[in-house]
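Student: I have not looked at this structure before. Please show it to me, and then I will ask about its parts.
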Amino acid sequence: MILENILIYFVIIPLLMLAGLALCRNMNQIRTVMTVLSTILLGLSVYLCVDFLALRAAGNTDPMLYMASWDWYTPLNIKLALGVDGISVLMIMLSAIIVFAGTFASWKIDPLPKNFFLWFALLSMGVFGFFISIDMFTMFMFYEVALIPMYLLIGVWGTGRKEYSAMKLTLMLMGGSAFLMLGLLGIYWHSAPEGAPLTWNILEIAQNGAIDRSWQMYLFPLTFVGFGVLGAMFPFHTWSPDGHACAPTAVSMLHAGVLMKLGGYGCFRISIFLLPEAANELAWVFIILTGISVVYGAFSACVQTDLKYINAYSSVSHCGMVLFAILMLNTTAMTGAILQMLSHGLMTALFFALIGMIYGRTHTRDIREMGGLMKIMPYLGVCYMIAGFASLGLPGLSGFVAEMTIFFGSFQHTDLFHRAFVIAGTSAIVVTAVYILRVVGKILLGPVQDEHHLQLTDATWYERFSTITLIVCIAGIGCFPNWINETIQQSFAPIIRVIEQAAI
Amino acid sequence: MDMTLPLLILVLPITMFLILGLCGMKMSHKLAGTLGTIGMGITAILAYTVAFTYFFSGNPDFVTAEGVRQQFEVFNYDWLAFTPTLIVQLGFLLDPISALMLVVITTISFFVHLYSLGYMHGEKGFQRYYAFLSLFTFSMLGLVVATNIFQMYIFWELVGVSSYLLIGFFYTLPSAVAASKKAFIVTRFADLGFLIGILLLSFFTDTFNFVELTSNPGTTISTLSAGGTFMGCSVVTWALCLIFMGGMGKSAMMPLHIWLPDAMEGPTPVSALIHAATMVVAGVYLIARMFPVYCLDEASMDFIVIIGAITAFYAAVVACAQIDIKRVLAFSTISQIAFMMVSIGAARPELHEGLGYMSGMFHLFTHAMFKALLFLGAGALIHAVHSNNYTDMGGLRKYMPITHWTFLIGCLAIAGIPPFSGFFSKDEMLTAMYDNSMFLGVWMTMVAGLTAFYMFRLYYMIFWWEENPHYKDHKPHDSSWTMSLPLIILAVVSCVSGFIPFGHFVTWNGEPYDIHLKMSVAITSIVVAVVAIALATVLYRKKNDVPAKMANSVKWLWTAANRRFYWDEIYMFVTHKIIFNIICKSIAWFDRHIIDGTMDMFAKVTQKVSYAIRGLQSGSIQTYVLWYFAGAILLGLVVWMMVI
Amino acid sequence: MDLTIMMYLIPSLIMFACGVYGFITRKNLIAILISLELMLNAVDINFVVFNRFLFPGQMEGMFFTMFAIGIAAAETALAIAIIINIFRAVKSVDIREINKMKF
């Protein structure tokens with residue numbers, strides 16, 4: 001029975017959300033529906049995580065747990081196949097946290113709150129669906145489900161050049177999907193040895209290992225670029241600054257926090273896991289590109305004047321780090337990549353939430369027009385500083401753990417090429433400090449820039465709620481990283497095994 | 001040893017930080033201050049207990065039957081496992097230098113807490129100030145008890161950030177904001193070197209643990225040597241020098257010293273705690289911690305000595321030409337830390353059982369006391385006069401007797417006049433340097449002379465010279481007991497701490513030995529100091545125009561020294577003009593116009609083509625039908641022709 | 001004179017051509033609808049005729065035509081209803097004036 005699987009509820013609850021919202025008649029009802037259901041999602045994800053760890057502790061060593069599969073369209077072997085490993089569990093938890101925080105961050109969304117939340121719920125359904133699927137086709141479908149609502153969310157509720165940005169974002173991501181679809185179809189047609197039935201199931205494909213080397217060399221770039229576009233890989237990152245700058249708060253949060261992680265997740269789950277030989281062979285090309293992303297994003301962020309642009313470029317840098325680490329193809333660096341995904345997700349969500357709150361008060365995002373906000377709104381100022389510290393990698397917050405794991409993992413490669421890029425990557429943390437402190441110094445500290453700002457008020461209760469949730473998670477990962485670290489390392493074992501076999 | 005006490009030493013300050021940080025705004029100033037001070041007092045007592053247990057209990061964990069002091073890990077938890085073998089741990093290492101540092105940090109921190117009750121009285125954000133002080137103390141304690149180099153790096157970053165927060169405490173002043181930013185970024189840059197050094201070190205040795213690294217330094221070095229060479233230097237030297245680069249940043253060695261003078265924008269007690277006594281000596285502590293490894297690599301030891309010797313001299317010269325009293329003290333701190341660096345760098349196990357190591361740590365201890373004293377004294381002066389510049393002071397000895405006497409003791413101590421503490425430690429350091437090389441010894445003796453000169457110049461300018469006419473409107477006076485008490489106690493400590501038989505407590509390998517004054521060195525240094533003081537007395541005791549004339553006769557030199565030999569300008573040029581304006585701006589331009597432009601171009605081309613063919617899509621069904629029939633007929637014709 | 005197949009097909013062709021011509025050129029919705037009906041009826045005639053001449057014993061073509069006529073009637077009724085509604089809204093049945101579907 002389909003409802004016996006816990007994973008399916010991550011899709012059903014957003015669907016319930018949609019249904020519930022459709023019935024809503026006023027703002028309070030909308031808020032109730034969203035709060036209740038996103039809390040349930042959060043609770044469910046925590047339960048899933050605890051249960052997962054308990055199963056692992058009990059000695060269950062299957063690569064994926066909670067596996068289930070139902071036929072969907074038999075002629076093409078498309079199935080609804082579910083299953084999660086430690087990484088997906090953490091990703092689900094991250095998404096649930098951000099959906100939860102995002103709900104509170106858009107407490108007063110205007111206009112058309114109902115429609116906003118409808119699209120928001122659809123987006124979250126896509127995200128959850130992506131993380132629980134192990135069937136490439138359903139994975140791709142959920143991926144698209146998550147992308148499309150972006151267009152409307154930015155185009156309708158955004159600010160600034162929203163139509164342009166929404167169009168750009170959607171088109172670039174769709175362009176990525178086109179590559180991706182080609183790659184996935186290619187994998188599908190070679191998914192099984194001659195004569196055996198073809199499959200979309202990731203685990204089965206990996207087990208069959210039937211894709212020959214020459215095909216891998218075509219398919220790897222296709223899938224990696226396809227996912228890389230969503231992971232803001234240089235030079236396909238330009239949707240990110242414009243898109244984030246124009247998106248409404250909660251959408252920026254969800255997009256930078258979770259959606260960009262879909263890219264990184266797909267990269268290792270499909271590109272590397274299924275095409276290991278090509279991954280070994282071609283990693284250097286993408287290491288160069290992502291290495292450029294890391295440094296380039298950081299330097300670009302230094303001269304931006306719009307808060308959201310700064311953050312978007314910082315995301316390019318940090319997400320570049322994720323892909324960079326994944327391409328290092330060893331357990332430590334890849335673990336670091338996942339930690340970085342979690343860390344960046346939480347931290348950027350916090351950043352965007354705060355920027356939204358500040359913008360809602362000052363009606364400007366230009367750092368030259370603000371100053372001394374710490375004095376006026378100490379709560380938001382402190383939160384912004386914490387987010388900034390997390391971003392520049394202060395120990396005790398999540399960014400540090402992630403970056404260090406990446407650096408130490410990447411440094412295990414002994415050749416000069418890798419080393420040089422690792423050192424370039426480490427230098428980005430200095431540049432990060434520069435732009436973060438520049439922003440903090442300009443907008444929070446110093447004398448008050450604008451007399452009108454003196455009348456502004458500090459955070460309301462729902463804003464506090466949203467930010468505290470994120471800060472607690474950031475500090476939690478930063479202070480007690482080892483259990484997450486172990487969970488991730490365990491989950492990487494099958495992938496690493498495949499890579500090592502391919503390298504021989 | 002029971003782990004409760006050591007754990008409490010760390011837990012108490014961080015708890016204080018959380019309490020004061022989260023609920024501070026709801027408390028009154030008095031409550032927050034008292035709470036912070038009492039918390040720190042308890043921490044200090046605990047730290048003293050631990051240190052005394054370590055030194056005097058005779059427990060075989062701490063000291064062998066032969067009297068050799070041991071390194072002891074009180075606890076060590078796994079925090080993050082990079083690989084199954086390379087694990088970051090958080091723990092508490094007790095050995096002579098960490099026990100020493102526990103004492104130094106908690107003592108100074110407690111006095112600073114107490115002193116700030118008076119100094120920061122009525123300031124906005126008083127609670128925040130105490131919260132940050134607690135955070136700093138926590139991080140610094142965590143740093144010194146680190147069991148492994150990665151834990152040190154973690155707390156290294158944390159002290160950096162607490163220093164950032166405290167320098168920028170008066171955050172509405174743009175100068176404070178700029179100074180805090182500068183301090184953080186410069187040290188962050190240095191930490192990059194530290195990090196790469198750790199990466200290299202841990203990659204080859206596969207451990208972070210200090211005990212493992214230093215108990216068998218030969219193995220460490222040989223595994224590191226397996227890395228071969230890079231750009232002419234061996235991996236050993238690279239790793240050690242890069243790690244030292246972290247120390248250079250924190251300890252303000254040239255050329256990464258530029259942040260420390262600016263850091264004086266912070267409240268003065270903070271300068272006393274962080275930028276004189278504790279955080280800035282972290283670099284020295286780091287080298288001391290890794291000493292057994294360092295001393296096997298000549299190249300990196302030489303590097304340390306060269307950097308230290310240049311810095312010591314440079315800072316002493318600059319200190320002679322500063323007007324802001326805190327800046328003078330800041331440069332004096334740089335110079336003194338460089339002294340310690342040189343001392344440790346000059347130490348060799350084969351020379352006098354590594355005397356330089358012991359004397360460096362000894363000087364770290366005495367310097368922490370008398371420099372904190374000087375800074376707190378300066379704070380009292382600034383509090384009384386409301387200005388940082390000695391040009392606004394003069395003749396204060398009559399108005400502020402307590403400050404005057406304690407400040408004088410501090411000056412005597414730093415100048416190296418017996419029986420004050422600075423004499424003993426500096427003398428040992430000089431002995432070690434003479435042992436290493438004659439040139440080094442002479443050079444550093446000269447620096448010691450300069451030190452005595454500029455400190456007494458400062459002293460006379462503040463307390464003698466000519467009275468500021470504004471005193472009549474606002475009569476300066478000694479401060480409340482909370483501010484005077486720390487001064488008095490620290491002055492007493494500075495008088496007596498030189499007599500501590502330091503060789504019995506802190507030596508590079510734990511084996512105790514007696515210190516002997518080497519008469520030739522002692523007499524030379526005393527003579528040099530006395531001459532320098534006499535010179536300062538002649539020049540600055542009474543108002544006269546000789547100093548001004550002297551400055552005018554070598555105006556370029558004086559201006560250059562006053563502007564700190566233009567280091568800041570060079571940095572400004574490199575960071576702002578080159579990195580910011582050229583590199584960053586061009587990258588941003590490239591992004592907006594080339595990459596984004598390409599993407600937009602795709603869209604534009606598509607749009608152009610669409611416009612070109614959009615006439616076909618008129619929207620009128622009748623036109624479509626016409627085309628449809630035309631097409632159908634054409635198709636029919638084609639088929640017909642083919643059939644025929 | 002025997003009735004040959006051409007005698008049916010030529011009028012039907014003429015009807016169809018008229019329908020096409022009317023559909024393309026007319027601007028009045030009603031006229032367009034009438035032209036449409038003309039084409040439809042021309043096709044109906046063809047159905048019946050081909051059935052009669054090619055498969056004399058079978059009735060499928062006839063039935064099909066009956067269906068087509070029935071559906072055409074319903075469709076015409078619907079179309080006229082729409083046209084009446086459009087007329088109420090825009091006071092015109094000229095297709096050049098009906099270029100917006102949003103009301």
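Student: In which hand does H13(A) pass H18(A) in their crossing?

Tutor: This is a predicted model, in which local features need pLDDT of at least 70, side-chain atom pairs count only at pLDDT 80 or more, and totals for chains, interfaces and linings use all residues. Residues are numbered from 1 along each chain as its sequence is written, with chains lettered from A and ligands numbered from 1 in the order in which they are written. Helices (H or I, at least four residues) and strands (E, at least two) are DSSP runs numbered from the N terminus, and a crossing is left-handed if the near helix is turned anticlockwise from the far one by less than a right angle, right-handed if clockwise. For H13(A) and H18(A) the crossing is left-handed.

Student: How are H13(A) and H18(A) oriented, roughly parallel or roughly antiparallel?

Tutor: Axes are lines fitted to C-alpha atoms, for helices over the stretch in contact, and angles run from 0 to 180 degrees between N-to-C directions. The axes of H13 (331-362) and H18 (461-479) of chain A come within 10 Å and cross at roughly 155 degrees. Angles under 35 degrees count as roughly parallel, over 145 as roughly antiparallel, 65 to 115 as roughly perpendicular and the rest as oblique, so H13(A) and H18(A) are roughly antiparallel.

Student: How do the residues of the contact of H13(A) with H18(A) divide by class?

Tutor: Two residues are in contact if their C-beta atoms, placed from the backbone, lie within 7 Å. Among those taking part are Leu346(A) and Leu350(A) in H13(A), and Leu470(A) and Ile474(A) in H18(A). Ala, Val, Leu, Ile, Met, Phe, Trp, Tyr, Cys and Pro count as nonpolar, Asp, Glu, Lys and Arg as charged, and the others, Gly among them, as polar. The division is 13 nonpolar, three polar and one charged.

Student: Which element gives the most to the side of chain B that touches chain A?

Tutor: Chains A and B share the most contacts of the two pairs of chains in contact. Here 36 residues of chain B are in contact with 38 residues of chain A. The elements of chain B that give two or more residues to this side are S1 (72-81), H5 (149-167), H6 (174-205) and H24 (567-613). The most, 12 residues, come from H6(B).

Student: Is Ala252(B) buried or exposed?

Tutor: Ala252(B) lies in the loop between H9 and H10 of chain B and has a positive phi of about 55 degrees although it is not a glycine. A residue is buried if 20 or more other C-beta atoms lie within 10 Å of its own, exposed if 12 or fewer, and partly exposed in between, with C-beta atoms placed from the backbone. Because 29 other C-beta atoms lie within 10 Å, Ala252(B) is buried.

Student: Which residue does a cis peptide bond join to Pro418(B)?

Tutor: Most peptide bonds are trans. The bond in question has omega of about 10 degrees, and its second residue is found in the loop between H17 (401-415) and H18 (421-436) of chain B. That residue is Pro419(B).

Student: What distance separates the C-alpha atoms of Ser35(C) and Phe23(C)?

Tutor: Ser35(C) lies in H2 (29-54) of chain C and counts as buried, with 21 C-beta neighbours inside 10 Å. Leaving aside neighbours within four places in sequence, Ser35(C) is in contact with residues including Phe23(C). Ser35(C) and Phe23(C) are 12 residues apart along the chain, and their C-alpha atoms are separated by 5.4 Å.
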